[in-house]
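Please keep the model open while reading them.

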Amino acid sequence: MSVALEFYVHRESWLHRLDPRVKLWGMVLGFITAFLLPYVAAQGALLLGLHLLLLANRIPWNALRRLWRQMALLIVLILVLQPFFAPSGTEIVTVGPLRLTVDGLTGAVLLATRAMVIAFIVGALLFTTDQRALVQAFVRLGLPYTWGLTFSLTLRFLPAIQQLFVTVREAQAARGWVAEGNLFRRFREYLPVLVAVIIGTLRMSDRLTLALAARGLATPTCATAPRTVWHDLHMRRSDWITFIGITLAFLAISFWRSVFSG
Amino acid sequence: MLVAEHLKFAYPPSGPGLPQTEALRDVNFRLEIGEVLAVMGASGSGKSTLCHVLAGLAPRYTGGYVSGAAHAAGYDVLEAMPPAGVVGLLLQDAATQLFNPTVEDEVAWGLEALGTPPPRIGALVEEALARFGLLSMRTRSPWALSGGQQKRLALAAVWAMRPRVLLLDEPLGGLDPQGRTEVLAALETLHHSGVTLLLTTFHPQAAALAPATLVLSDGAATSPIPTAGVLQDETRLVEAGILYPPHLWPSLEAHATPAAVPAIAVQDVHFAYTDGHAALHGVSLEILQGQFVAIVGPNGAGKSTLLRHFNGLLRPMHGTVRVHGKDVAGRTTGNLARDVGFLFQRPEQQLFAATVHEEVAFGVRALHLANADTRVQQALARFGLTAFAQTPPSILSYGIQRAITLAALATLDTPILVLDEPAVGLDGREKARLLMWLAERRAAGVTLVIVTHEMELAAHADHVVALANGCVVADGSPDEVLG
């Protein structure tokens, strides 16, 4: 089974121990901060900080590299296309109707680093939080258990769906399918694979429905007792300190931004 | 405790104008507390349907029509779903039953659903893991486990909920011999735990755990009869498509001496996966045209990895693979499909077409082979699929899905056949079809390369190659290698 989309890295670290609700709060503030700071240097510093944070919390280089690889296509698309959508400022080169400008290029680099910052903020949550704790965090924040479970199962089955795609492609290649022709033709040839993956995913979800029902998700218990939690979440002192710390840091950045950038 | 009276079940038609599919016809039995019943039947005989009906899942979650009566632990399961934890069900495909991040979380999930007080959950999880030999892997991901370990975990998760009735659907299904041994040992412990147990199987070893057995054949059931008598009646088991003992197998001998020309030549092949796991370390071997070579070895030895080099699905990091004298480095997998027919494990994951006919015809069309229609019709007939030609492959049983992948392979008529565990999970009837086809291919001079855990099959090969830890550790005649 491919694990390319499996995020959680089992380790003992401060970030792993941090209450997932605090991590979720940090993620929300991180998103807003990424959008508040329109400077490449600031985004670069955030990105570097996130790398250091993850490495310090024993997330291996391999995991970080994998995230870069998964984001690579998006980053390349942003860097190639974005400059031409904002063609203002000093011109560098013009090809037909397309103008490449300094502002356009800077905007593309800013957008690309911002995308990576967001990816690494989400990564910081998913690399260090197992799905069970994540579901429990959502439940404790007021979401119904089944919503949290659905989110967790979606994460859980992403690798299986990815593997399904690879398996179907291999099965077709082994029976003589060769990718050839122009991009449009290749895309058309991929359609049956996508259909097969969708059907496969639906079958997987059918079997999962049976498995969940067989283990009592949808049925009342004899004693009609509510669902319990083996390892429930508890906010410790260090969680509260972190919560207050990141909130103050966020307020400081917001204040600085509103005062100095008018 | 577990009762079926005149139980009948039919699935809704799979398309407009098509008839319902009768899955169970008049099943009757009565099990008292602590009794064990085996249900033997070939693939598609209605075993899974029976389990789903008794667990209250069918027709509730599957659709279909039911009549008669079914009671489990005093609950009318046709009337309402029994309360959580009363009836435990082990699904045939254990991997899909597992959805938690770690082994211990998997066991705890059902206990949480029952509302068990958290301090008790730890002790119950511990007990279940210990009982099924899983304590050492409690923090591992369920998906990283072997097939046998996954079945044991699914069993532990169900058993931890202390069901009064336990239904096990093909507990040995799809497992290699090592996995079967592990699960059989786990079933032994259940057998003596006092739970009322019904298990479906086509493996005599599993049926032997029950004093009584009911034989299902196309949905029709016998009354429970002593298991010893059932297992001794080989003719009956063969006729019901359950067994195909080696003494009935066709000859897999070659009709001519293999030519001294290599069909596949592997020279010093090294391979590592992107996660850094090195799977092959300098493998060299030569497979002659017309030869039957069996590749054996424990799980993780690199057998499937090696096989995937023969049709270009994987490329060596070092070394060469030649097919009919040509280096595969310059050829795509699609291109190699003219020379190498490849059968994957887990047929259910590779079926992608809307109908069985489309699925079987895919390769013939992709390779633009002559007489496409005739090839497809012959392959459908040969593997007993003509009646299913317009059915979506995804709704058929494991054995029939395996037959579809074999039929798809047969249409290509390649000079080399590379088969990865072709016999795993097949009942007697399906195994007979497979072996008859292999015997015919052998007679036609086709080169056969088969990865197998079944020593009876490996013993028929001209040559056996044993792999361990990514290296060839033995290479010789079956007598020399298998002893």
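1. A definition is needed before the strands are discussed: two strands pair if DSSP finds at least two bridges between them. The model is predicted, and the points below should be read with that in mind.

2. Begin with strand S1 (residues 2-11) of chain B. S1(B) is joined to strand S2 (residues 21-31) of chain B by seven bridges, and the two run antiparallel. Within this pair, Leu2(B) stands opposite Leu31(B). S1(B) also pairs with strand S4 (residues 65-72) of chain B, again in the antiparallel sense and over seven bridges. Here Ala4(B) stands opposite Ala70(B) in S4(B).

3. Chain B also has an open sheet of six strands, in the order S17-S18-S19-S14-S20-S21, with mixed pairing. Which strands form its edges? They are strand S17 (340-343) and strand S21 (471-476) of chain B, each of which pairs on one side only. On average, neighbouring strands of this sheet are turned by 15° against each other, with direction ignored.

4. Strand S14 (residues 292-296) of chain B runs parallel to strand S20 (residues 463-468) of chain B, and four bridges connect the two. Val293(B) is placed opposite His463(B) of S20(B).

5. Taken as a whole, chain B contains 17 helices and 21 strands. Its radius of gyration is 24 Å, close to the 23 Å that the globule rule gives for 483 residues, so chain B is as compact as a globular protein of that length. The C-alpha trace of chain B spans about 70 × 50 × 40 Å along its principal axes. Of the 483 residues in chain B, 54% are buried. Among contacts in chain B with a separation of 6 or more, 70% are between residues 24 or more positions apart.

6. The domain assignment divides chain B into domain 1 (2-243) and domain 2 (248-482). Their C-alpha centres lie 32 Å apart. How many residues does each domain of chain B give to the contact? Domain 1 gives 16 residues and domain 2 gives 16 residues. On the domain 1 side, the elements that give two or more residues are helix H6 (177-191) and helix H9 (234-239) of chain B. By class, this side has seven nonpolar, eight polar and one charged residues.

7. Chain A has nine helices and two strands. From the N terminus on, its elements run α-α-α-α-β-β-α-α-α-α-α. The radius of gyration of chain A is 23 Å, whereas a compact globule of 262 residues would have one near 18 Å. Along the principal axes, the C-alpha atoms of chain A fill a box of roughly 75 × 60 × 30 Å. Buried residues account for 27% of the 262 residues in chain A. Of the contacts in chain A between residues at least 6 apart in sequence, 76% join residues at least 24 apart.

8. For chain A, the domain assignment gives domain 1 (14-129 + 234-260) and domain 2 (143-214). Note that domain 1 of chain A is written as two stretches of sequence. The C-alpha centres of these domains lie 30 Å apart.

9. Ser254(A) belongs to helix H9 (residues 237-260) of chain A. Is Ser254(A) buried, exposed or partly exposed? Ser254(A) has 14 C-beta neighbours inside 10 Å, so it counts as partly exposed. The cut-offs are 20 or more for buried and 12 or fewer for exposed. Ser254(A) and Leu36(A) are 218 residues apart in sequence, yet their C-alpha atoms are 7.5 Å apart in space.

How values were computed
Residues are numbered from 1 along each chain as its sequence is written. Chains are lettered from A and ligands numbered from 1 in the order in which they are written. This is a predicted model: local features need pLDDT of at least 70, side-chain atom pairs count only at pLDDT 80 or more; totals for chains, interfaces and linings use all residues. Domain bounds come from an automatic or database domain assignment. The radius of gyration is taken over C-alpha atoms; the globule rule is 2.2 Å times the number of residues to the power 0.38. Two residues are in contact if their C-beta atoms, placed from the backbone, lie within 7 Å. Ala, Val, Leu, Ile, Met, Phe, Trp, Tyr, Cys and Pro count as nonpolar, Asp, Glu, Lys and Arg as charged, and the others, Gly among them, as polar. Axes are lines fitted to C-alpha atoms, for helices over the stretch in contact, and angles run from 0 to 180 degrees between N-to-C directions.
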